[in-house]
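Good morning, and thank you for making the time.

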Amino acid sequence: MFKKKVVVIVFLVILASCQSDKENKTFKNDKIEVLIKKMTLEEKVGQMTQLTLKKFYKKGKLNKDLLIKYTQTTPIGSVLNTPGRPLSISEWHELISEIQDNCLASRMKIPMLYGIDAIHGATYTKDAVLFPHNIGLAATRNVELVKKTAEITAKEVRASGIRWNFDPVLGVGRQPLWSRFEETFGEDVLLVTEFGSGAIKGYEGDDLKSINNVSSCMKHFIGYSVPQSGKDRTPAYITAQQLEEVFMPSFKKAVASGASTVMINSGSLNGIPVHINKELITDLLKNKWGFKGLVVTDWEDILYLYKEHHVAKNNKEAVKMAINAGIDMSMVPMNMTFYDDLIALVNQGEVSMERIDDAVRRILKVKMDLGLFDNPYPEKEAIKNFGKKEYRDIALQAARESMTLLKNDSLQNKAVLPLKKNSKVLISGPAANSLASLHGSWSYSWQGDKEALFPESTLTIKEAIQNKIGASNVSCISSSKFEKVTKKELKLLRQKAKNVDFIVLCLGENSYAETPGNIDDLTLSRDQIELAKVAIETNKPIVLVLTEGRPRIISEIVSGIDAVLLAYRPSSQGANAIADILFGDYNPNGVLPFSYPKHTGNLLTYDAPIRNTETFNPQWEFGYGLSYTNFKSSNLKLSTKTLKGDEKLKVTIEVMNEGDFDGELAVDLFVRDKVASVIPPMKKLRKFKKVFLKKGELKLVEFELTKNDLSFVNSDLERVTENGSFVIEILGEKVSFEYLNN
Ligand code: BGC
């Protein structure tokens with residue numbers, strides 16, 4: 001008995017010493033606890049409050065009194081946004097230094113956490129490079145490249161003195177009408193999961209203190225990307241099985257890889273606004289998945305709870321619901337109502353001090369991890385990370401790899417594209433001269449439509465083509481109006497077409513972000529369709545270049561068009577990439593990250609449970625994309641015909657470049673589960689990679705699958721792999737095998 005006691009005491013001593021070791025290692029947390037102990041309720045709630053920068057401005061100028069008010073009198077924890085235009089590096093430094101000076105003069109001296117939407121490059125920094133929007137990046141099938149674009153964004157954001165980036169979007173884009181479709185990595189869960197976590201790695205690196213990194217923000221948790229109406233911030237209805245199967249994996253993986261912050265979906269899911277859904281925010285995200293970071297609302301979303309969703313009768317009730325559901329910080333961001341109401345709620349016992357402390361702990365941890373307590377000021381040595389020439393090269397590579405060639409007919413036995421550099425070309429259509437259309441949302445302004453704010457070096461499609469083949473070979477008619485093409489333009493098009501070899505028709509969408517981008521019809525605007533019809537009537541070969549954030553339907557005109565290049569929103573180097581491809585300086589290799597619809601009434605995804613040509617009839621399928629070279633695949637082989645238990649299945653396929661161009665090839669591996677307890681998709685993407693083949697080169701492409709790559713979420717919401725037959729499909733080749741769980 002005595003011996004036992006001694007053993008227990010020794011064990012406890014050892015345990016205690018291990019714990020104190022652990023505590024030593026997490027010294028930062030001790031520091032946070034000390035701060036929390038000293039803070040008043042007002043100071044704690046202040047940390048949970050985020051305001052927009054304009055609240056610090058009066059008559060267009062940063063106001064000293066307001067600065068003192070929000071950093072010292074009632075200090076807040078975070079600021080977002082710009083004063084309405086992109087700032088230069090030195091303007092950002094001056095602004096943030098002034099804010100931090102004031103924070104350090106406050107009682108608790110807690111630094112400000114500045115957040116920004118740098119969602120495809122440092123949106124709000126003058127002359128920053130912008131990369132293709134996610135929808136185009138997903139077409140590259142090149143996760144490493146996307147990681148690089150995120151690394152550059154992180155460097156340019158941090159060089160601006162900002163350490164928190166509200167990106168990436170991890171919602172799966174399965175509603176093509178949605179105005180934020182371009183911000184998604186497309187309709188497939190694997191693409192979103194892999195590209196999303198690649199982007200997070202690029203932003204956060206291994207150490208948030210480094211001048212190379214920033215905090216990312218997974219968004220928008222969860223279900224935002226499939227509004228039933230297609231309109232922004234409107235209700236989504238997703239079954240529990242689909243939520244687990246399609247919408248959770250990207251967030252789950254991001255949490256597991258240590259993402260530091262998350263933003264909540266403004267809309268509702270199955271009738272409950274996500275901002276008040278404790279089961280999702282606290283029970284699932286924080287407790288079950290172990291998310292240790294900070295949860296921020298989206299813009300005005302607590303207010304939205306009573307003004308739009310009508311689940312609360314006033315602001316105070318809305319604050320209570322959101323905070324008790326697990327929200328840590330409110331992007332209020334226009335006033336201090338959140339602050340006032342939350343203080344009152346705690347004093348009245350409606351929100352516990354534990355909940356407040358948990359929120360503050362998470363906020364202070366992000367600040368500490370980012371090194372703000374060591375040095376809250378913009379880091380001078382980070383400036384050298386801004387505007388490097390190689391960033392443009394990566395932007396060009398990303399734009400080139402995203403471009404997806406959807407059609408390339410033959411004329412007199414020769415493919416239309418690439419065009420000869422001595423061709424006479426007529427460029428027409430509203431996108432020909434539009435920087436906005438090339439860049440889309442969040443491009444030097446929220447809507448991306450203020451062209452005066454773009455760097456002078458940014459080219460339009462017309463300019464890039466002129467540079468490529470000489471201005472004397474190019475004529476252009478373009479009004480940059482996407483909804484209105486005038487009779488005069490049509491007349492000029494007919495006339496000028498007579499003197500050219502080809503027409504390059506630049507159609508698509510103007511830029512838009514969020515609700516202003518709502519549409520009722522996915523068809524390309526009527527006037528652009530008419531313009532295309534007039535072009536077709538000229539009988540000249542037509543190359544259609546589409547700059548658009550979502551697949552606008554073109555089935556009415558597509559048969560009259562000879563070649564179609566989908567450019568998505570390729571951004572800074574987009575025009576150069578388009579010209580490179582049109583004139584053969586680059587061989588296209590992007591493949592669709594979504595099903596391009598043919599009819600407005602048929603918007604199914606490629607992995608819909610039922611699929612035959614009547615129910616699923618897209619213009620172009622998910623994964624489709626042409627090359628200038630001719631890749632031939634053969635010999636799809638498996639290491640075994642029966643995969644057992646946890647064994648690995650090796651899959652190989654030979655690919656030969658039989659054409660006249662070197663080229664990259666995106667290789668998607670799909671699996672079909674022939675019989676399953678939940679209706680199986682006809683096929684599902686399970687692996688993807690990109691390979692480069694010189695002309696004449698033969699390569700063996702290899703993949704490895706495990707039972708996890710055959711799994712799905714069953715009706716009990718468990719991820720399972722059921723015994724039975726499976727079919728693997730790569731580049732149109734198919735082979736089957738059996739899975740047997742021991
Ligand atoms: C958007 C978010 C964005 C936030 C801050 C909101 O309107 O939905 O994605 O991060 O504004 O600008």
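This is a predicted model: local features need pLDDT of at least 70, side-chain atom pairs count only at pLDDT 80 or more; totals for chains, interfaces and linings use all residues.

Let me start with proline 168, which lies in the loop between strand S6 (164-165) and helix H8 (189-204); helices here are DSSP runs of H or I with at least four residues, strands are runs of E with at least two, and both are numbered from the N terminus. The peptide bond that joins aspartate 167 to proline 168 is cis, with an omega of about 10°.

Residues are numbered from 1 along each chain as its sequence is written, and side-chain values use heavy atoms, with hydrogens and water left out.

A cis peptide bond also joins leucine 417 and proline 418, with omega at about 0°, and proline 418 is placed in the loop between strand S15 (414-415) and S16. In the loop between strand S14 (410-411) and S15 we find asparagine 413, which has a positive phi of about 65° although it is not a glycine. Is asparagine 413 buried or exposed? Its relative accessibility is 81%, so asparagine 413 counts as exposed, where exposed means over 50% relative accessible area, buried means under 20%, and partly exposed is what falls in between, computed with a 1.4 Å probe on protein chains only.

Tyrosine 568 also has a positive phi, about 55°, without being a glycine, but this residue is found in strand S20 (residues 563-568), and with a relative accessible area of 1% tyrosine 568 is buried.

Another buried residue is serine 434, whose relative accessible area is 3%, and which lies in the loop between strand S16 (425-428) and helix H17 (435-439). The side chain of serine 434 reaches the backbone nitrogen of serine 437 at 2.9 Å. What does serine 434 contact, once its neighbours within four places in sequence are left aside? The residues are Glu451, Thr460, Ser480, Phe482 and Asn510, contact meaning heavy atoms within 4.5 Å.

Let me turn to helix packing, with helix H13 (residues 315-325) and helix H14 (residues 337-347), whose axes come within 9 Å and cross at roughly 75°. Axes are lines fitted to C-alpha atoms, for helices over the stretch in contact, and angles run from 0 to 180 degrees between N-to-C directions. H13 and H14 are therefore roughly perpendicular to each other, given that 65 to 115 degrees counts as roughly perpendicular, under 35 as roughly parallel, over 145 as roughly antiparallel, and the rest as oblique. On the H13 side the contact is made by Asn315, Lys316, Val319, Lys320 and Ile323, and on the H14 side by Thr337, Phe338, Asp341, Leu342, Ala344 and Leu345.

Staying with H14, the buried residues there include Phe338, Tyr339, Asp341 and Leu342, and what covers the buried residues of H14 includes helix H3 (41-47), strand S1 (49-52), helix H12 (301-307) and H13. After H14 comes glycine 349, with a positive phi near 75°.

Finally, the sheets, where two strands pair if DSSP finds at least two bridges between them. Strand S8 (residues 261-264) runs parallel to S11 and is joined to it by three bridges, with threonine 261 standing opposite leucine 294.

The other is an open sheet of five strands, ordered S22-S30-S29-S24-S25, with mixed pairing. Its edge strands, strand S22 (642-644) and strand S25 (684-693), each pair on one side only. S22 runs parallel to strand S30 (residues 733-740), joined by three bridges, and the bridge partner of threonine 642 in S30 is glutamate 738.

Technical notes
A polar contact is a pair of N or O atoms within 3.5 Å; within protein, one must be able to donate a hydrogen and the other to accept it, and residues adjacent in sequence count only if both atoms are side-chain atoms.
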